[in-house]
Amino acid sequence: MKKLKEELELFFKEFEDDIKNVDSLEKLKDVEIKYSGKRSKLHSFLKLIGDLKKPEEKKEAGFLINRTKSEIEKKLKVLKESCEKKEIEKRLKQQSIDFTKPVFSENKGSLHPITFIKRDVERILTGMSFSLVTGPEMETEYYNFEALNIPPTHPARDMQDTFFLLNGMILRTHTSSCQSRTLEKHKPPLRIFAPGKCFRYESIDASHETAFYQVEGLVVDQNITIANLIGTMKTLLSEIFQREDIDVRLRPGYFPFVEPGFELDIKCIICNGKGCSTCKHSGWLELVPCGMVHPNVLKYGGIDPEKYNGFAFGLGLTRLAMMRYKINDIRLLNSGDLRILKQFR
Ligand code: FA5
């Protein structure tokens, strides 16, 4: 028994010497295997108990071995906790965040293609002495229809499927409502444009959305002619498409607030008028509805139609963006798909 006691003491001393060098979980694992694992010397001590014949000897040997075993396990447990703490501290140091460092993110935002084209049109029209005006998206029927020569019972109201709000207002169906608001407030000569969002209760397809952008243009002065309208449109579109040779044509178009009213087409800029899928093989693209301001609209604004006249146009900004950036489905513009938007940085 004395020999066993000495051997256990030696074994424990060896263990204490070994744990002095343990400073990581990896080294701790080696020590655990060596001193408390199934193949450790401690296990061979435990096996010795079976060889002892006398019960008192078995009891004493069991006591001595188990005491050493629990001492070893206690020390290993404490050591494990301190090694884990050290490892966490080490990892935290490696991953430390410097909040004072400037951020250069890979994921920079970018402007929407409609914003690009809107800013372009704004720049060009201001350069042509037009002033920017704005109007509300939630509008009265009066400014959206009535003051534009579309009385309540007029069938032309059906041309623009309208969102009616519970408060008796509507969502404006076109930026032409800015015409009636401007004419009421300002007197000629005037030259304004109004970019903004419009809303229609449409069934959505590749070229129709329920919310889309238009830019309204309005000129009121004395002796304005259709030639002024064509000249202005040619200059505006040449600047937008960065080409000098924009060809336009006028077709009759019906809008109650202009007389005569036109659909202004441009010669297809993709195929140069030869015919392609974009222009549906006609060689022309329908782009700007426009016309000479109807005398009744001037009267609603308190302007004498005998003295003044003018022209107006309503450019579909969303479709213009589609044409400029060759986007074949209007729904892509509002899809929120970054793969689309990232292309226009
Ligand atoms: C109008 O809205 C008239 N207010 C334009 C006008 C102004 C005529 C001044 C005369 C004088 P229209 O409904 O055609 O017209 O719409 C004008 C443009 O808006 C269209 O050419 C098209 O480019 C765009 N647009 C109309 N509806 C939608 C829609 N659902 N989705 C996308 N764009 C649309």
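**Ligand site and backbone features of a predicted model**

The ligand sits in the largest pocket. The model is predicted. Around the ligand there are 23 residues, and His174, Ser176, Arg200, Glu202 and Glu209 come nearest. A UniProt annotation, from an unreviewed entry, assigns residues 122–343 to "domain: Aminoacyl-transfer RNA synthetases class-II family profile".

- His174 places a polar side-chain atom 2.9 Å from a nitrogen atom of the ligand.
- Glu202 also faces a ligand nitrogen: an N or O atom in the Glu202 side chain is 3.0 Å from a nitrogen atom of the ligand.

**Make-up of the shell**

- Which strands each supply at least two residues of the shell around the ligand? They are strand E5 (211–221), strand E8 (284–293) and strand E9 (309–316).
- E9 gives the largest share of the shell, with four residues.
- By residue class, the shell divides into nine nonpolar, nine polar and five charged residues.
- Arg200, Glu202 and Glu209 are among the residues that come nearest to the ligand, and Arg and Glu count as charged.

**The annotated region**

- The annotation in the UniProt record covers residues 122–343.
- Over residues 122–343 the chain is 24% helix and 27% strand.
- The end C-alpha atoms of this stretch are 22 Å apart.

**Backbone points to check in the model**

- Most residues other than glycine have a negative phi, and most peptide bonds are trans.
- The peptide bond from Pro188 to Pro189 is cis, with omega near 5 degrees.
- Pro189 belongs to the loop that runs between helix H7 (177–185) and strand E4 (190–199).
- A cis peptide bond also links Glu259 to Pro260, where omega is near -5 degrees.
- Pro260 is part of a strand, E7 (residues 258–267).
- Gln242 is not a glycine, yet its phi is positive, at about 55 degrees.
- Where does Gln242 lie? Gln242 is in the loop between helix H8 (226–241) and strand E6 (248–252).

Technical notes:
Residues are numbered from 1 along each chain as its sequence is written. This is a predicted model: local features need pLDDT of at least 70, side-chain atom pairs count only at pLDDT 80 or more; totals for chains, interfaces and linings use all residues. Side-chain values use heavy atoms; hydrogens and water are left out. A residue is near a molecule or strand if one of its heavy atoms lies within 4 Å of it. A polar contact is a pair of N or O atoms within 3.5 Å; within protein, one must be able to donate a hydrogen and the other to accept it, and residues adjacent in sequence count only if both atoms are side-chain atoms. On a 1 Å grid over the protein atoms alone, a cavity is a set of points where a 1.4 Å probe fits but cannot get out, and a pocket is an open set with protein on both sides within 12 Å along at least five of seven lines; lining residues have an atom within 4 Å of a point. A molecule sits in a cavity or pocket if more than half of its atoms lie within 2 Å of its grid points. UniProt positions are given in the numbering used here, feature names are shortened, and annotations may be inferred rather than shown by experiment.
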